[in-house]
Amino acid sequence: NLESNAISTSGIEALAEGLRVNATLCELRLSNQRANFTQAAEGQLAQAVDGNSTLKHMTIDLRNRHAKEVIDRALLRNRDAVRVRRVSSNESAESATASGKRIKSADWAAEAAQIAASERFEYGDAGGGGDGSEQRVYVAAGKVLWGQAKESERQAVVLAFASNSTVTRVEMSNALVNDELAQTWGRVLRENRTMASLNLESNAISTSGIEALAEGLRVNATLCELRLSNQRANFTQAAEGQLAQAVDGNSTLKHMTIDLRNRHAKEVIDRALLRNRDAVRVRRVSSNESAESATASGKRIKSADWAAEAAQIAASERFEYGDAGGGGDGSEQRVYVAAGKVLWGQAKESERQAVVLAFASNSTVTRVEMSNALVNDELAQTWGRVLRENRTMASLNLESNAI
């Protein structure tokens, strides 16, 4: 996330070069830059995205209509490819089950125990953490073994996330989630303190499942994204109303997908999500203004050792100034936030460069938030280099800068 910065032409070109070879980034946020970039740079970025097979979500303000069309088509193609693989894997699982074959024996009790203890799991591994680091994403979507699991085994796995303290994202789209599993997810949302994103799209959740998820959202204080669109079962407008009330009372949820018939419920949810996103933006702006005021008056609110911060990031060790509030129990920090940080606003350009470059070798952080974080072309060029070398990061927000 590099939104709301100052990235212009050369920065966009450098990011494009990074995307040509990067094979891990799924999301890149670049909208609302305070600097302009040429339509030629937009074209280079479009070509890079078109040749990239992992990027699925991107925000950027473009003038070049052709570039926008190319990027939109490429992102849609990449999302469709994931969906096709999921459907194919599920069909293979159903075929194998129908013929009485078991492709592989799975110990789901052990999987659930490992998840509950925040230890390394096997069947939901998303391909990260191969160096022994913590696994931060759990994927059931498209997994043959998940399709073969018994209902009681799936229940045990979902319930295990109630006590998990390492996984921040769960992907269970088109993953045989019914009302009973959704009710268990509702319980998990009441107890889990780590998860930031939950994808339950394209399943069969109806009224009781939606009501249970609503109950979970009433007390949950960590979830930022919940995806529920394209359900194969119907839920009542009363259930939609309960969900809307829960979202309206939640201060952390910022993104949600769901197909609603109740217009009032939709309006309530849209307003609540916008309010929560605005609250984040207000805090960022306020922090940046405080930093600028302190800098203008010659005051330093706190002395920051950015060289040490960069070294810690490069070595995948615990960092200080970009901490997003997670990892307080000694676990790995998976999100780095520069947006809205007073000390980041006070840092020298060379210090910011060192911090960004350090992510080239980092193997723990999966998301970086640098929207409205003084990112200019020079920093964007460094991010381009990082994207060529990093093998862990899944989300980068560079919106509202000057690229």
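Start by selecting threonine 366, which sits in the loop between helix 13 (349–358) and strand 10 (367–369); helices (H or I, at least four residues) and strands (E, at least two) are DSSP runs, numbered from the N terminus. You are looking at a predicted model, where local features need pLDDT of at least 70, side-chain atom pairs count only at pLDDT 80 or more, and totals for chains, interfaces and linings use all residues. Residues are numbered from 1 along each chain as its sequence is written, and side-chain values use heavy atoms, with hydrogens and water left out.

Threonine 366 is buried, with a relative accessible area of 15% (buried is under 20%, exposed over 50%, partly exposed in between, with a 1.4 Å probe and protein chains only). Now show its contacts (heavy atoms within 4.5 Å): beyond neighbours within four places in sequence, threonine 366 touches Arg136, Arg334, Thr392, Met393, Ala394 and Ser395.

Next, pick glutamate 317, in the loop between helix 11 (306–314) and strand 9 (335–337). Glutamate 317 is partly exposed, at 49% relative accessible area. Setting aside neighbours within four places in sequence, its contacts are Gln312 and Gln333.

Finally, colour the open sheet: 5 strands in the order 4-5-6-7-8, with parallel pairing (two strands pair if DSSP finds at least two bridges between them). Its edges are strand 4 (137–139) and strand 8 (255–257), each pairing on one side only. Zoom in on strand 6 (residues 197–199) and strand 7 (residues 225–227), which run parallel and are joined by 3 bridges. Leucine 198 has leucine 226 in strand 7 as its bridge partner.
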